[in-house]
Amino acid sequence: MTSFALAWRTAQRYRARTMLAIAGVAVIGALLFDMLLLSRGLLLSFADLLDSSGFDLRVVSTEGLAARLPIAGSARLAGDIRQIPDVQHVLMIRIEPATARTADGPSRGISLVGSSDTDEHVWRVLQGTDLRSPAAAGERCPALVTRPLAVALALTPGARLTINARPPGVASALPAVVCRVVGIAEFAFAPTDDLTAVTTLEAFGNAIGNAGPTDADLVLVSSRPDAAPGGILRAIAGLRPDLRVYSNEEVVSQFNRNGFAYFRQISLVLSSLTMVFAFLLVATLLTVSINQRLGEIAALRALGIGRTRIASMLLWESALLVGAGGLLALPLGEALALVLDRILRQMPGIPERMHFFVFEPRAVAIHVTLLGVTALAAAVYPIWLTARLPIAETLRREVLG
Amino acid sequence: MVALGSVAIPAVTLAADPPAILVSRQLAARAHLTVGEVVTLAVDADGTRGRQFRVTGIYEPTPDPMRFTADRLEARLHLPDLIDIAADPADPASREAVSAINLKLADGRNSREFAADLMTRAPGVLVRQTARSGEDDPFVVLERFHVAISIVTMIGGTAFLLALMVIRAEERRETVGILRLVGISRRTLLASVAIEGLAVAAMGAAFGIVLAYVSEGLVNRVFQARYDTALVFVRVTPSIAMRSIVVAAPLGILAGIGASWTLLRREVLSIFHR
């Protein structure tokens, strides 16, 4: 009989404890799997979100993308960028804090966005029309609003919205501008609770009291699919050496360094803890189980089954417990990830399309490797116990006992 | 008022009597500043509207869980001094501008009404409560996440405890048979395994609490060094310790009874047949 067959028979004979041990490993394994998904989930989701926006490069005037200042001469810059071969599309954006209110309601703090163009990648109109539609063309200040803002101020397409821009550092009270809501839209990067209104760059300039062209604080550039990587970035950097140009990879890497640190750390701590937990519990179960079966193992040894086969049997027992539990952990972990993701996505400021737990084959490979190491490590002490088992003495003690 | 985005450069020429500033520990370490040193603060790296200040103290910034990954490179100075640097000379009204005004109400319970009233009277002004409600507090969400993880861990732990108790019950099959034969009732035996389960679970919980308490300092030190902050990341409070014992105790009792139930409900003689 092979050592696997011996291990299989043991598992069948002690069915209740085997099932319980597998259930325990499955639950702990599910947690481990989830922590592996969490370790890079937000990063993968963020990268996916950036890629899906269709833009490859982001031009800003400051180090980093979090706090931005207007780019002087951005309209001319955008024109120059459009002349670079392989550039497909250029979009200028400016964001400032503002307050918005309807005729009879209280003010709400919003983000006011000025956009040089309409772009279906950045937002999707859910109700009404887009900013450049014929219906909106006659409006001095057409506005698209997010669903949360529409709900908060009871806005529908056609409603009037009074907006006061509050650019930081500007002391004078700017006159309010009255915009007409032309549509309700969903924004790729907007959090679920985001109160945002988007208008044209011209209307935005009126809101912040600009007489001339309004400088954008972010210029988005998309390249043709066959463009040489890095070529456009270098060309823009050559046009304006005072600006910073970020590729999507650099934005993700910056996010990885700053915004994502907490979840990476917590996933590292929790996956290490679950590994130790799984190791301790499987090792304890195997050890207790071996202590109970010392007579049986001594009898097998007396029948001529060698130490190596006994050790191999114990390894198989550990592998069966951890393997079956680890396998069950994958669907269980996926289900648990949905629950945990739903909890974490309640955090304010998280874009609607971002997820904390994202499946990737790499996580499965690490999960299998870690559980394999756990199974191996958990079997070491029981193997050592059986290897130095005195056969005659154990048999006499077990039989007389 | 906190000056952000300013540049600290050791001064070459001294002003007559430089005004005082405090710098954060992190800025002092990064710019190698000491108390008494004179520095120049400016609105940009070119030294626009630069002004000299004397460092009169180094402070530890109030730990902010919302910004614990950020570099706290900060300086605190008197508001008129900051306005001298930051105000735009072309815009006289900018000397009158501040980015925020903090208010303490005589009765904090009226903050919502006060905010609504002020926003109606001064259109364009945004009033926010400093206390976060459950809905927009990220730490309430994080707490829910941690509770969910602890529930999962507890389920896994219970399965293992049950498996261990099953092994213990099988080990004592013959002892239980003999005890039943000498007249000890099922109820007494069930009570004994329940007490055993309770003891194992309580000891496990107590060991876990001691381990958490001992490792608390280490975890905090590692994370505080990693993020250069005085923020406390882990704290074992009496209520958390009590909660873990209260949760573990009934689970231990259930595991003890559940594991022995199949053995105890059988007829005495069948217990001896393997």
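**Notebook: chains A and B of a predicted model**

I counted 8 helices and 6 strands in chain B, where helices (H or I, at least four residues) and strands (E, at least two) are DSSP runs numbered from the N terminus. I noted that the model is predicted, that local features need pLDDT of at least 70, that side-chain atom pairs count only at pLDDT 80 or more, and that totals for chains, interfaces and linings use all residues. Residues are numbered from 1 along each chain as its sequence is written, while chains are lettered from A and ligands numbered from 1 in the order in which they are written.

**Chain B**

I read the elements from the N terminus on as β-β-β-α-β-β-β-α-α-α-α-α-α-α. I then looked up the radius of gyration, taken over C-alpha atoms, and the globule rule, 2.2 Å times the number of residues to the power 0.38. The radius of chain B is 32 Å, well over the 19 Å that the rule gives for 274 residues, so chain B is more spread out than a compact globule. The C-alpha trace of chain B spans about 100 × 50 × 30 Å along its principal axes. I found 19% of the 274 residues in chain B to be buried (20 or more other C-beta atoms within 10 Å of a residue's own, with C-beta atoms placed from the backbone).

**Chain A**

I took the bounds from an automatic or database domain assignment: domain 1 of chain A is 3–50 + 259–400, and domain 2 of chain A is 62–242. Their C-alpha centres lie 51 Å apart. I found 7 residues of domain 1 of chain A in contact with 6 residues of domain 2 of chain A (C-beta atoms, placed from the backbone, within 7 Å).

Key
Contact = placed C-beta atoms within 7 Å. Buried ≥ 20, exposed ≤ 12 C-beta atoms within 10 Å, placed from the backbone.
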